[in-house]
Amino acid sequence: MHFTVKIKSFSLLAKNSMERYETGEFESGGYKWKLVIYPSGNKDKNVTEHISLYLAIDAADLLPPDWEVHAIFRFFLHDQIRDNYLTIEDTKKEERRFRGIKLEWGYDKVIPLKTFKDASNGYLVDDMCVFGAEVFVSKQRSMDKGECLELIKESITNKFVFRIENYSKLTSDFYDSNSFNVGIYKWKIWLAPNGEGIGMGSYNSLSLALANKSSLSAGTKIFVEFTMRILDQVNGRHPSAKLSRWFSASSYVHGWNRFISIGSSNLTNMGLLVKDTFVVEAEVTILAVVNTIS
């Protein structure tokens, strides 16, 4: 597909502060495209005294989201004196991949403005010029998967207190707290009064659980640093432990099988069981998140 755009009164683009011009759409290979022209250079790329020229695909055409289109393209600039075209293309004719994170390909410095405006070259005549493009779609396919690791500069932290009454009368293997938020994620404290795994029968077990694991996208992981404290209600000394773990839909519970000896007399003497009430505090900090990308 050969598409051209004629620009009359080219000098008025800069005069009217039109730093970027997008053409209307044209179709090639079953996809919609447009030219993007920076008449005085793409300032986002620190380009001056040149024309910048790009080919852009319509983002709506890249469905499903992991779709990509491979294309070979070339640009033209009409020499109106000699009635031929200056061709701008990759000398190796390499395919370019158009996808969600890269919708545009082209040239930051397609031609110096001094050369472009030199009347003897024929590119700008009576303040009028013609740009063109040809696009050849070579293939389209679903992209390979990848991931994006985002380290959080200002870490997100929250504390939550889980109060368990009538502790000596607990009969179930597990108890969980109400959910609480840290960022957009929900969490719970899990308590096994009689322990689990290697701690069963001698220690209680404490864990942090991701409560809304079913809402996570496939491949999402959350790196969390968390501290569990059993609150000393008498002396103010709080036994604690800290872990750093990755949480995901398939690995959503982490903690300690042997947190503290479960004997009621031991807990009472340590000030951890007062009026048969046992109090656990969790401090949770989200440090990083991984999401899949296409």
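Helices here are DSSP runs of H or I with at least four residues, and strands are E runs of at least two, numbered from the N terminus. Counted that way, this predicted model has three helices and 20 strands.

**Overall shape**

The radius of gyration is 32 Å, well over the 19 Å that the globule rule gives for 294 residues, so the protein is more spread out than a compact globule. Along the principal axes, the C-alpha atoms fill a box of roughly 100 × 35 × 25 Å. Buried residues make up 40% of the 294 residues. Take the contacts with a separation of 6 or more: 66% of them are between residues 24 or more positions apart. As for the surface, the protein exposes about 15,900 Å², with carbon and sulfur atoms supplying 48% of it.

The largest nonpolar core has 34 residues, and Trp-187, Leu-208, Val-224, Met-228 and Phe-278 are the ones with the most contacts inside it. Among the elements giving two or more residues to this core are strand 11 (146–164), strand 14 (185–192), strand 16 (221–230) and strand 20 (277–293). Which strand gives the most? That's strand 20, with six residues.

Leaving aside neighbours within four places in sequence, Trp-187 is in contact with Asn-178, Ser-179, Phe-180, Val-182, Leu-208, Ala-209, Leu-210, Ala-211, Val-224, Phe-247 and Ile-286. Apart from this core lies another, of 32 residues, and its members include Phe-3, Ile-7, Ile-37 and Phe-131.

Ser-177 is found in the loop between strand 12 (175–176) and strand 13. Its side chain reaches the backbone nitrogen of Ile-189 at 3.0 Å. Setting aside neighbours within four places in sequence, Ser-177 is in contact with Phe-160, Phe-162, Lys-188 and Ile-189.

Is Ser-177 buried or exposed? At 3% relative accessibility, Ser-177 counts as buried, because the cut-off for buried is under 20%.

| Residue | Relative accessibility | Class |
|---|---|---|
| Cys-129 | 0% | buried |
| Ser-177 | 3% | buried |
| Cys-148 | 39% | partly exposed |

How many disulfides does the structure hold? The count is zero.

Note on methods: Residues numbered from 1 in each chain as written. Predicted model: local features only at pLDDT ≥ 70, side-chain atom pairs only at ≥ 80, totals over all residues. Heavy atoms only, no water. Core = buried A, V, L, I, M, F, W, Y, C linked by side-chain atoms within 4.5 Å. Buried < 20%, exposed > 50% of the residue type's maximum accessible area, 1.4 Å probe, protein only. Contact = heavy atoms within 4.5 Å. Disulfide = S-S within 2.5 Å. Polar contact = N/O pair within 3.5 Å; in protein donor to acceptor, adjacent residues only side chain to side chain. Rg over C-alpha atoms; globule rule 2.2 N^0.38 Å. Areas by Shrake-Rupley, 256 points an atom, 1.4 Å probe, with all protein chains shown as cover.
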